[in-house]
Amino acid sequence: MILNIFNFAANKYQDMIQRIQTLYLIVAALLVAALFFVPFAELTGQDGAHYLFNISGIIVNSSDSSTSLDNAWPVLVLVCLSLIMVVISIFLFKNRITQIRISYISISFLFGLKALMYYYTWSSNNVPIGGLHSETYAALPLIAAILVFLAIRNIRKDENLVKSIDRIR
């Protein structure tokens, strides 16, 4: 019974996603989209105050209210650009060379995003850093960049396969 349900689901969705690079790019897009909802780091000031660094900037995390200290709009812009580029790359499956180029651009945006996250964490002028607890979510851009790179490798394999078949004809 369970095997029949699995076979039905496998046959139903077989035509939808046939290439592994599409799965890599979808997972990378989901990881980048998750950056809108998770904190990147928790900072503890020298005065004992707790600060939270997320997509909207560095926020004082107190019991009665939260106040924004630094606005991190460049982080927001890079997250949006990275997400847009990865999604565009998913839908360019018919033009593999352009898909590879867009994927390289998205990798550069993801590395720039990670560098910008590092910069905001360590060089905020408004936060006297006493301690830093980097969340595991801060690694999401690097994981997404690795997935996009794996997708590029598989796209290149597809392109080489198509070229070799064209030579045979």
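**Figure 1. A salt bridge joins glutamate 159 and arginine 96**. In this predicted model, where local features need pLDDT of at least 70, side-chain atom pairs count only at pLDDT 80 or more, and totals for chains, interfaces and linings use all residues, the closest N and O atoms of glutamate 159 and arginine 96 are 2.7 Å apart. A salt bridge is defined here as a side-chain nitrogen of Lys or Arg within 4 Å of a carboxyl oxygen of Asp or Glu. Because glutamate 159 belongs to helix 5 and arginine 96 to helix 4, the pair ties together parts that are 63 residues apart in sequence; helices are DSSP runs of H or I with at least four residues, strands are runs of E with at least two, and both are numbered from the N terminus. Glutamate 159 and arginine 96 are both buried, a term that means under 20% relative accessible area, whereas exposed means over 50% and partly exposed lies in between (1.4 Å probe, protein chains only). Residues are numbered from 1 along each chain as its sequence is written, and side-chain values use heavy atoms, with hydrogens and water left out.

**Figure 2. Aspartate 158 and arginine 19 form a salt bridge**. The structure holds two salt bridges, and in the one shown here the side chains of aspartate 158 and arginine 19 meet at 3.5 Å, N to O. Aspartate 158 sits in helix 5 (residues 140-168) and arginine 19 in the loop between helix 1 (2-12) and helix 2, so this pair ties together parts that are 139 residues apart in sequence. Aspartate 158 is partly exposed, its relative accessible area being 24%.

**Figure 3. Aromatic rings of Phe40, Phe53, Tyr119 and Tyr120 are linked into a cluster by ring pairs**. Rings of Phe, Tyr and Trp (its six-membered ring) count as a pair if their centres lie within 6.5 Å, and the planes are called stacked when under 30 degrees apart, edge-to-face when over 60, and tilted for the rest. A search of the whole structure finds three aromatic pairs. Phenylalanine 40 lies in the loop between helix 2 (20-34) and strand 1 (41-45), and phenylalanine 53 in strand 2 (residues 50-54), so the pair ties together parts that are 13 residues apart in sequence. Both phenylalanine 40 and phenylalanine 53 are buried. Phenylalanine 53 also forms a stacked pair with tyrosine 120, with 6.1 Å centre to centre and 25° between the planes. This second pair links distant parts of the chain, since phenylalanine 53 is in strand 2 and tyrosine 120 in helix 4 (residues 96-122), 67 residues apart. The relative accessible area of phenylalanine 53 is 0%, while tyrosine 120, at 13% relative accessibility, also counts as buried.

**Figure 4. Strand 1 and strand 2 pair in the antiparallel sense**. Two strands pair if DSSP finds at least two bridges between them, and strand 1 and strand 2 are joined over four bridges. Threonine 44 has histidine 50, in strand 2, as its bridge partner. The hairpin of these strands has four residues between them, and glycine 48 in this hairpin takes a positive phi near 95°. In a regular strand, the side chains alternate between the two faces of the sheet. Strand 1 has a covered face made of Ala41, Leu43 and Gly45, and an uncovered one made of Glu42 and Thr44.
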